[in-house]
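Thanks for asking for a second pair of eyes on this one. My notes follow as numbered points, starting with a question.

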Amino acid sequence: MLDQALATIDARKQASLALLTEFLRIPSVSTKPEHAGDLKRCADWLAGQFRDAGLSADVHPTPGHPVVVAKNVHKPGRPTVLLYGHYDVQPPEPLELWTTPAFEPTERNDETGHPAIYARGSADDKGQVWCHVEAVRALMATGGGDLPVNLTALIEGEEEIGSDHLDQFVAANADLLRADVAIISDTSQFDRGLPAITYGLRGLCYMEVFLTGPSHDLHSGMYGGSVPNPANVLCEFIASLHDKDGRVNLPGFYDRVVPLTAAERAEWQKLPFDEAAFAASLNIPHGNGEPGYSTVERQWARPTLDVNGITTGYQGHGAKTVIPAKASAKISMRLVPDQDPAEVQRLFEQAVRDRLPKNVTVEFKQHGLAGPVLTPADSPAVRLAREALAAGFGTTATTLVRGGGSIPVVALLKRVLGIDTLLVGFGLPDDRVHSPNEKFDLDALHKGTRTAAALYATLAGLHATK
Ligand code: BES
Ligand code: MN
Ligand code: MN
């Protein structure tokens, strides 16, 4: 049955790409209120595709963007798999840096000559969700209208803004979502030809800090040197956030960090990561970060703090002599086991208050908390996923990796439903996710679809708990 499904997937390459193109045309930018209608339209479109594939599907409203839940007919005695993905995407800006427009999906070769589809959301995460929809379609068509497992698909529209309403949705719909294992395709291969299973993700604490000094903007000549300048204060504060070695300078930040084990470091040392090629691909002379760690270690297993944006003062053409009344910054902290995002938020806010002069006031806005996760790397599910990758990609060279990004649902599913997640992603490191000219490799699309089909077949061998 799997062979037939794989043959169907091979035969549907063009049809699959045409439908993915429709998916990618919908500008489902979750962070912008003006796109709320597009998110609803995207959820409806996706639910329609699940129905076409033979599942039942509902679009559930939330206080934010809707959640799509699709199911086959569940039968006792076989494992239940929860597929998670997200249909929302990051903003496309800066628009002028796109070679072809972000929401006009275009097929062309990438810089290394491999065919790809270029569009916002192509790799993160619509293209990867699409692998599963097409896999389900092929399995249903060749399996007499059934799948080898009970499948529940949960595709949300708020991942890129922190999955704020998902906690409540999952808790309120626990019976609908209960499963033996979750699978997510929203990560990357280690490299072309080296598909990966990801067993850890960093968490996130994303804070925005707003400083206010004088009641209004002031002439920088008349007032300069006699009043607090929030822009200066913000820069001084930001400069205080790392010590001279590049470690994060927040009291208590490292207290719960679990050190890397020698065994893990030795494993990662064996991965074919080329530091020079990495730097060259970003057009920088060399990378940098916390002393004593490799790039891979810094990205996967060490906590960090980065300014993501600063807003203050005059931004227009030319000069304006002005002391801004306000200054703000967006700051992300990537967290590793066992750091607690809520605790990091508290210690961050405390440090800001401790470091500010008394004549500047501060307000905070939290834009997302996600727990760091480590999933079992030697479970039966991981073994079955290796088999599926071998069938899908035609190679047994599966790597075990961690990822530097965050997917809030992983910690949530563990905490609320006790479910472990299998992270089997099909992206490539140079997909430019969140950046202009995001693309998804067409070979990854095809092999990812094959892998997804194989996964539902191999996971049928998992022990069912209900
Ligand atoms: N797919 C990414 C997460 C990811 C990227 C994991 C690369 C591993 C490697 C996801 O869509 C994402 O961007 N998540 C946000 C989460 C946040 C907004 C809560 C992130 O990591 O910035
Ligand atoms: Mn994603
Ligand atoms: Mn993302």
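Is His-434 buried, partly exposed or exposed?

1. His-434 is partly exposed, because its relative accessible area is 42%, between the cut-offs of 20% and 50%. Please keep in mind that this is a predicted model.

2. Asp-124 sits in helix H4 (residues 122–142), while His-434 belongs to the loop between strand E17 (421–425) and strand E18 (439–441), so the two tie together parts that are 310 residues apart in sequence.

3. Now for the other metal. The manganese ion (ligand 2) has His-86 (NE2), Asp-124 (OD) and two OD entries from Asp-186 as its protein donors, at 2.0 to 2.3 Å. The spacing here is H-x37-D-x61-D. Its six donor atoms subtend angles of 58 to 164°, which again gives an irregular arrangement. Distant parts of the chain are linked here as well: His-86 is in strand E3 (residues 80–86) and Asp-186 in the loop between strand E7 (181–184) and strand E8 (196–201), 100 residues apart.

4. What lies between the two metal sites? Asp-124 coordinates both manganese ions, ligand 2 and ligand 3, which are 3.6 Å apart. Asp-124 is buried, because its relative accessible area of 10% is under 20%. His-86 and Asp-186 are buried too.

5. Ligand 1 is worth a look next. Its surroundings count 15 residues, with Glu-159, Asp-186, Arg-334, Ser-406 and His-434 the closest. Sorted by class, this shell holds four nonpolar, six polar and five charged residues.

6. Which polar contacts does ligand 1 make? Among them, an oxygen atom of ligand 1 lies 2.7 Å from a side-chain N or O atom of Glu-159. One nitrogen atom of ligand 1 is 2.9 Å from a polar side-chain atom of Asp-186, and a nitrogen atom is also found 2.8 Å from a polar backbone atom of Ser-406. On its own, ligand 1 has 520 Å² of accessible area, and the protein covers 85% of that.

How values were computed: Residues are numbered from 1 along each chain as its sequence is written. Chains are lettered from A and ligands numbered from 1 in the order in which they are written. This is a predicted model: local features need pLDDT of at least 70, side-chain atom pairs count only at pLDDT 80 or more; totals for chains, interfaces and linings use all residues. Side-chain values use heavy atoms; hydrogens and water are left out. A residue is near a molecule or strand if one of its heavy atoms lies within 4 Å of it. A polar contact is a pair of N or O atoms within 3.5 Å; within protein, one must be able to donate a hydrogen and the other to accept it, and residues adjacent in sequence count only if both atoms are side-chain atoms. Accessible areas come from the Shrake-Rupley method with a 1.4 Å probe; for residues, only the protein chains shown count as cover. Ala, Val, Leu, Ile, Met, Phe, Trp, Tyr, Cys and Pro count as nonpolar, Asp, Glu, Lys and Arg as charged, and the others, Gly among them, as polar. Donors are N, O and S atoms within 2.8 Å of the metal (3.2 Å for Na, K and Ca); water is not among the atoms, so sites may look incomplete. Helices (H or I, at least four residues) and strands (E, at least two) are DSSP runs, numbered from the N terminus. Buried means under 20% relative accessible area, exposed over 50%, partly exposed in between (1.4 Å probe, protein chains only). Four donors count as tetrahedral if all angles lie between 85 and 135 degrees; four count as square planar and six as octahedral if opposite donors are over 155 degrees apart and all others between 65 and 115; anything else is irregular.
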